[in-house]
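Welcome! Take a look at the sequence and the 3D structure below, then work through the exercises with us.

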Amino acid sequence: YVDIVSYNTMLKAYLASNRMKEVRALVKEMSARGFPANKVTYNELLNAKVASRDRQGMWAIVDEMHGAGLKVNSITCSILLKSLSERSGESDVAHVMALVDDLEESIDEVLFSSTVEACIRIKQLGMLSQFIDAQKSKG
């Protein structure tokens, strides 16, 4: 492959086919060829972990992303918000919401809606109220 876009496209295809052995090999090859995983790569990996309900794997991807010196973005947070359910532990909810609060970029419509939907889904209306108030104060 000639660039990071090509690698990420193949990664997405392997993930869609649940070909995890090839995914791991491709990520290693990317790095070896001078195309280290970027936010798109990590978000694709994260989305696969969320879709498979692999909570530990999900947080491992976030940790790996941080270890690579990359900060989460609104897409990362939207993916993580999809993972929340009524059965989510308080620590998962708190961790996701802290990542949303710590974003360097401003919250766009998609992330705002994702956060609202997650708070409603997990029946945390107090958290929703706090989130909306915090967004109002930011302008």
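Helices (H or I, at least four residues) and strands (E, at least two) are DSSP runs, numbered from the N terminus. This is a predicted model, in which local features need pLDDT of at least 70, side-chain atom pairs count only at pLDDT 80 or more, and totals for chains, interfaces and linings use all residues. Residues are numbered from 1 along each chain as its sequence is written, and side-chain values use heavy atoms, with hydrogens and water left out.

**Exercise 1.** Describe the secondary structure of the protein chain.

Step 1: Count the elements: the protein chain has eight helices and zero strands.
Step 2: Read along the sequence, this gives the pattern α-α-α-α-α-α-α-α.

**Exercise 2.** Work out how helices α3 and α4 are arranged.

Step 1: Axes are lines fitted to C-alpha atoms, for helices over the stretch in contact, and angles run from 0 to 180 degrees between N-to-C directions.
Step 2: The axes of α3 (residues 39-51) and α4 (residues 55-67) come within 8 Å and cross at roughly 170°.
Step 3: Angles under 35 degrees count as roughly parallel, over 145 as roughly antiparallel, 65 to 115 as roughly perpendicular and the rest as oblique. Therefore α3 and α4 are roughly antiparallel to each other.
Step 4: Among the residues that meet are Leu-45 and Leu-46 in α3, and Ile-61 and Val-62 in α4.

**Exercise 3.** Find the residues with the most contacts inside the largest nonpolar core.

Step 1: A nonpolar core is a set of buried Ala, Val, Leu, Ile, Met, Phe, Trp, Tyr and Cys residues joined through side-chain atoms within 4.5 Å.
Step 2: The largest such core has 36 residues, and Leu-46, Leu-80 and Leu-81 have the most contacts inside it.
Step 3: Helices α1 (4-16), α2 (20-32), α3, α4, α5 (74-82), α6 (90-101), α7 (109-121) and α8 (125-138) each supply at least two residues of this core.
Step 4: Not counting residues up to four places away in sequence, Leu-81 touches residues including Val-96, Met-97, Leu-111 and Ala-118.

Terms used:
Contact means heavy atoms within 4.5 Å. Buried means under 20% relative accessible area, exposed over 50%, partly exposed in between (1.4 Å probe, protein chains only).
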